[in-house]
Amino acid sequence: MSAIEVSSHVRLDEHGVAWIDETRVKVIEVAVAWLANPSSAEEMHLQYPHLSVAQIHAALAYYHDHKEALDKHIAESLERTDKLAAESADSPGRRKLRAMGLIP
């Protein structure tokens, strides 16, 4: 299955992941950055100078149009990250670093 264009700046890949067209940036990356620090597309352009302001607007519009699904995906990703962090808190490498006094 090939990519599907959903707007002039956003396309879905064969797995249904939304990407900013002609870039290697996922829409969800821009959405997470905006959620962490809500700002205008013009201000976000400073963080993402390789994206046009129009591409940023398109990514944010896609996020708002699909907010429930993307928020769910973000929450699940955070849960997986927290779980992996907890599982690795006492890894052999961390124990060795602790024994060397390099980490608490």
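1. The protein contains 5 helices and 3 strands, where helices (H or I, at least four residues) and strands (E, at least two) are DSSP runs numbered from the N terminus. Read from the N terminus, the order is β-β-β-α-α-α-α-α. The radius of gyration is 18 Å, well over the 13 Å that the globule rule gives for 104 residues, so the protein is more spread out than a compact globule. That radius is taken over C-alpha atoms, and the rule is 2.2 Å times the number of residues to the power 0.38.

2. On provenance: this is a predicted model, in which local features need pLDDT of at least 70 and side-chain atom pairs count only at pLDDT 80 or more, while totals for chains, interfaces and linings use all residues. Residues are numbered from 1 along each chain as its sequence is written, and side-chain values use heavy atoms, with hydrogens and water left out.

3. Extent and surface. The C-alpha trace spans about 55 × 35 × 25 Å along its principal axes. Of the 104 residues, 28% count as buried; buried means under 20% relative accessible area, exposed over 50%, and partly exposed in between (1.4 Å probe, protein chains only).

4. Contacts. Among contacts with a separation of 6 or more, 36% come from residues 24 or more positions apart, a contact being heavy atoms within 4.5 Å.

5. Aromatic pair. The structure has 1 such pair. The ring centres of Trp-34 and Tyr-63 are 6.3 Å apart and their planes are at 55°, so the pair is tilted. The criterion takes rings of Phe, Tyr and Trp (its six-membered ring) with centres within 6.5 Å; planes under 30 degrees apart are stacked, over 60 edge-to-face, and the rest tilted. Trp-34 sits in helix α1 (residues 27-36) and Tyr-63 in helix α3 (residues 53-65), so the pair ties together parts that are 29 residues apart in sequence. Tyr-63 is buried, at a relative accessible area of 1%.

6. Ser-52 is in the loop between α2 (41-47) and α3, and counts as partly exposed at 30% relative accessibility. Its C-alpha atom is 9.7 Å from that of His-9, 43 residues away along the chain.

7. Val-17 is in the loop between β2 (10-12) and β3 (18-20) and is partly exposed, at 29% relative accessibility. Neighbours within four places in sequence aside, Val-17 contacts Arg-11, Leu-12 and Lys-26. Val-17 and Gly-93, 76 residues apart in sequence, are 35 Å apart from C-alpha to C-alpha.
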